[in-house]
Amino acid sequence: MPLSSFLSLVDAAVPLLLEPFMSQLAPTVVSCFAGVLPGTQCMEITHAVSLVCEKTRDLQGVGGVAQTDVERFFDSIDLNVLASYLISIGLPSCFVAILIACQFSPCIIFACGDVQDELRQRNCGCLTGSRVANLIARIIIALAIRGTEHRWRHLCYSHGALSLAFMTWIDNLYSFADTDAKAMMMIEILEVELASRWNLRIKK
């Protein structure tokens, strides 16, 4: 969604301001890759998937990959739930207010020919494509992965001393395990967490 010049500046500044806090509240889990961070590229996920598939062939089928997306991810984020949860885990309320304000400040108007209608009283949904929305997305996915680590850790793919569990790019989720069935189980574990805490659904 296009932003005004001022909101574009705010959208660039807020993630830089909040990044130190986000790294503490939702740090990357060992064996997991979080995309959309500075210095990350989509090709890193492609490379990892290819590498696991090659190793699976080398090891006579020992390996599996599963992939899914979160259904209508940005449109379905409940900002009231998000604000309450971020405050409960220690993010200063002033920063939470900034995050939420960045989603509510733009005036959204639907136009069809000469007819226009403004979307009022919005209480859910983030502005797809904005940096702040991507930051919010990363928080939700990171918290879901960290909060369920005790349930999926024993399932993740391992090769020697190395292991790989999840790779994410916003709402695109990839899981890695010794079998396809285990990789799907890992996705299902995240699905339950996303549904129960954030009321988000995995695409069918």
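Two strands count as paired if DSSP finds at least two bridges between them; helices (H or I, at least four residues) and strands (E, at least two) are DSSP runs, numbered from the N terminus. The model here is predicted, so to speak of local features takes a pLDDT of at least 70, side-chain atom pairs count only at pLDDT 80 or more, and totals for chains, interfaces and linings use all residues. Residues are numbered from 1 along each chain as its sequence is written, and side-chain values use heavy atoms, with hydrogens and water left out.

Now for the sheet. Strand 7 (residues 166-169) and strand 8 (residues 172-177) run antiparallel, joined by 4 bridges. Thr168 sits opposite Leu173 of strand 8. Both strands belong to an open sheet of 4 strands, in the order 1-7-8-2 and with mixed pairing. Strand 1 (32-34) and strand 2 (64-69) are at the edges with a single partner strand each, so one side of each has no neighbour in the sheet. From one strand to the next, the twist averages 10°.

Helix 2 (residues 42-58) packs on this sheet and touches strand 1, strand 2, strand 7 and strand 8; contact means heavy atoms within 4.5 Å. The direction of helix 2 makes about 150° with that of strand 7 (axes are lines fitted to C-alpha atoms, for helices over the stretch in contact, and angles run from 0 to 180 degrees between N-to-C directions). Helix 8 (residues 180-198) packs on the sheet too, touching strand 2, strand 7 and strand 8, at about 135° to the direction of strand 8.

Leu194 has contacts that include Val70, Ile140 and Leu173, leaving aside residues up to four places away in sequence.
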